[in-house]
Amino acid sequence: NLIQGPIGLAIDKENNIYVANYSANNIIKITQEGSPSIFADVQKPYCLIYDNNLNRLYVTEQDTNKLIKFDL
């Protein structure tokens, strides 16, 4: 199972869903068609926010207290 410990999600302008996959230390991207894949490896992702104007995904890491940005 690809999703382990989902804790937060965000949806981009193309209706892709991004899941903070806390227990697996990554972010999962699920396309409109329902295909899941690993989008990025991050340490205990917690909160996800999508900025529609910049087409950017922001992710917080719980242990490191970092804010990471991904241009989509």
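The side chains of Arg56 and Asp71 meet in a salt bridge, with N and O 2.6 Å apart. (A salt bridge here is a side-chain nitrogen of Lys or Arg within 4 Å of a carboxyl oxygen of Asp or Glu.) Arg56 sits in strand E6 and Asp71 in strand E7, so this pair ties together parts that are 15 residues apart in sequence. Strands (E, at least two residues) are DSSP runs, numbered from the N terminus.

A quick word on what you're looking at: this is a predicted model, where local features need pLDDT of at least 70 and side-chain atom pairs count only at pLDDT 80 or more, while totals for chains, interfaces and linings use all residues. Residues are numbered from 1 along each chain as its sequence is written, and side-chain values use heavy atoms, with hydrogens and water left out.

**The salt bridges**

Why do such pairs form? Side chains of opposite charge can pair when their charged atoms come close. Searching the whole structure turns up two salt bridges. Besides the Arg56 and Asp71 pair, there's one between Asp63 and Lys44, whose closest N and O atoms are 3.2 Å apart. Asp63 is in the loop between strand E6 (56–61) and strand E7 (66–71), and Lys44 is in the loop between strand E4 (36–41) and strand E5 (45–51), so the pair links parts that are 19 residues apart in sequence.

How open are these residues to the outside? Buried means under 20% relative accessible area, exposed means over 50%, and partly exposed is in between (1.4 Å probe, protein chains only).

| Residue | Relative accessible area | Class |
|---|---|---|
| Arg56 | 17% | buried |
| Asp71 | 55% | exposed |
| Asp63 | 47% | partly exposed |
| Lys44 | 25% | partly exposed |

**The sheet**

Now for the strands. Three of them form an open sheet in the order E5-E6-E7, with antiparallel pairing. (Two strands pair if DSSP finds at least two bridges between them.) E5 and E7 stand at the edges with a single partner strand each, so one side of each has no neighbour in the sheet. E6 and E7 run antiparallel and are joined by six bridges. Take Thr60: its bridge partner in E7 is Leu67.

**A look at Asp41**

Asp41 belongs to strand E4 and is exposed, at 64% relative accessible area. Which residues does Asp41 touch, not counting those up to four places away in sequence? Asn25 and Asn26, where contact means heavy atoms within 4.5 Å. Asp41 and Ile28 are 13 residues apart in sequence, and their C-alpha atoms are 9.1 Å apart in space.

Methods:
Helices (H or I, at least four residues) and strands (E, at least two) are DSSP runs, numbered from the N terminus.
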